[in-house]
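Here are my notes on this model, written for someone just starting out. Have the structure open while you read.

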Amino acid sequence: MERLMITGQVPLKGEVEVHGAKNSSLPLLAAAVLCHGQTVLHNCPDLSDVAAACEILSYLGCRVEREGRTVLIDTEGICRHSVPDSLMREMRSSIVFLGAIAARMGRAELCFPGGCELGPRPIDLHLSALRKLGLSIREEHGNLLCRTDGRMTGTSLSLSFPSVGATENILLAAATAQGRTILTNAAREPEIVDLAGFLNQCGARISGAGEGTIVIDGVETLHGCEHRVIPDRIVAATFLSCAACTGGDVLVKQVEPAHLAGVLPIFEEMGCHVRCYADAVHLKAPGRLRAVKDVRTMPYPGFPTDAQAPIMAAAAVAEGTSVFVENIFESRYKHAAELTRMGARIKLEGKVALVEGVPKLSGAEVFCTDLRGGAALVAAGLCAEGTTILREIHHIDRGYERIEEALRPLGAQILREDSTF
């Protein structure tokens with residue numbers, strides 16, 4: 001087991017680069033299943049979730065090679081249509097392979113996915129849409145047994161909620177379906193735009209990505225291409241949170257500032273000076289942050305649920321009381337109890353969290369509860385007095401590429417070490 005040792009109260013200063021987006025890399029890797037020949041993904045981060053997706057591709061019969069942040073996938077040897085339980089349970093996003101495998105192989109067998117426990121995240125939207133595209137799906141003993149008679153068939157679909165995962169599965173399944181698919185109330189996240197752009201490079205005909213309605217005209221086959229993964233906007237928001245709560249002065253590079261439009265006003269409300277450049281964001285924090293009146297997680301372009309936890313860490317040391325409303329996932333406040341162990345004052349009432357800022361946090365032994373909750377504890381440890389011991393850091397490794405190595409050049413006193421417990 002590994003842990004992070006963090007000595008806090010050091011203002012972060014300097015420059016830090018953001019790696020490729022986890023939430024874009026995973027559907028892109030699934031999309032490679034549809035492509036005949038070789039696909040090359042640049043700026044693909046070295047994360048445990050990405051490694052799990054590559055293991056799925058290898059199991060299916062694909063050749064997968066990584067060199068630095070470039071991953072090559074050759075699908076000519078694909079020979080399986082099932083994914084073992086052990087691989088599916090490693091990450092929640094593994095369900096995105098369903099539409100791609102079914103479209104390429106004509107059938108698919110998968111179990112229900114794993115990942116962080118953030119409360120119910122049903123995949124009924126995925127299954128309902130795929131059934132309307134002509135995929136026969138039978139649920140048996142926790143497994144999904146799927147089959148299609150030839151190519152799937154385009155149709156009109158409307159999501160009751162703009163689910164990112166369901167939108168991705170529909171794009172993957174409909175890209176090679178017969179006829180036109182019109183998807184309304186589609187997710188608008190940058191990761192959806194990235195996936196559609198990749199598929200179009202591979203020969204797909206998709207328009208409207210990033211808007212509420214997406215039109216997919218199915219093609220018979222797709223070919224591989226080279227593609228660069230977009231920057232990870234949640235990693236960028238996390239670095240900005242670390243800078244804010246330590247009273248830092250940091251330039252976050254290799255980002256798309258437009259993708260952070262739902263987050264940057266929060267930092268400004270907290271008293272930070274924020275300046276955007278073409279591919280960077282500069283944040284200079286005040287001596288003491290101010291509370292933020294209302295942080296409500298919403299589908300893009302609203303405030304992202306994945307940024308809620310790291311910014312709550314900053315709010316924990318702000319002057320005044322901040323209000324958070326979590327509208328996307330249940331059980332997304334597990335990190336609050338760990339922050340409280342460090343001296344934070346947080347009151348939970350259903351989907352509402354009231355955070356009464358304190359002058360300082362104190363180092364403590366805390367446990368990562370999930371990916372973004374772990375990032376919040378890193379931020380809290382960086383601004384806390386004394387030493388914080390952070391355990392269960394495998395959660396952090398799912399979405400942050402060696403976070404300690406990224407933060408140390410900014411002056412952070414953070415080390416990864418082996419632990420017997």
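The points below go from the whole chain to a few local spots.

1. Before anything else: this is a predicted model, where local features need pLDDT of at least 70, side-chain atom pairs count only at pLDDT 80 or more, and totals for chains, interfaces and linings use all residues. Residues are numbered from 1 along each chain as its sequence is written, and side-chain values use heavy atoms, with hydrogens and water left out.

2. The overall build: the protein has 14 helices and 25 strands (DSSP runs numbered from the N terminus, with helices being H or I of at least four residues and strands E of at least two).

3. Take a look at α8, residues 233-245. All of it is tucked away: 13 of its 13 residues are buried, so the helix is largely enclosed by the rest of the structure. At the N-terminal end sits a cap, Asp 232, with a side-chain oxygen 3.0 Å from the backbone nitrogen of Ile 234. Just after the helix, Gly 247 has a positive phi of about 70 degrees.

4. Tyr 300 and Pro 301 are joined by a cis peptide bond, with omega about 15 degrees. Pro 301 belongs to the loop between β19 (295-296) and α10 (308-315).

5. Which residues line the largest cavity? They are Arg 233, His 259, Leu 260, Gly 262, Val 263, Tyr 300, Pro 301, Gly 302 and Pro 304 (a cavity is a set of points on a 1 Å grid over the protein atoms alone where a 1.4 Å probe fits but cannot get out, and lining residues have an atom within 4 Å of a point).

6. His 141 has a positive phi near 55 degrees, lies in the loop between β8 (136-140) and β9 (143-147), and counts as exposed at 76% relative accessibility. Arg 402 has a positive phi of about 45 degrees; you'll find Arg 402 in the loop between α13 (394-397) and α14 (403-407), partly exposed at 35% relative accessible area.

Methods. The expected span of a helix is 1.5 Å times one less than its number of residues. Buried means under 20% relative accessible area, exposed over 50%, partly exposed in between (1.4 Å probe, protein chains only). A polar contact is a pair of N or O atoms within 3.5 Å; within protein, one must be able to donate a hydrogen and the other to accept it, and residues adjacent in sequence count only if both atoms are side-chain atoms. On a 1 Å grid over the protein atoms alone, a cavity is a set of points where a 1.4 Å probe fits but cannot get out, and a pocket is an open set with protein on both sides within 12 Å along at least five of seven lines; lining residues have an atom within 4 Å of a point.
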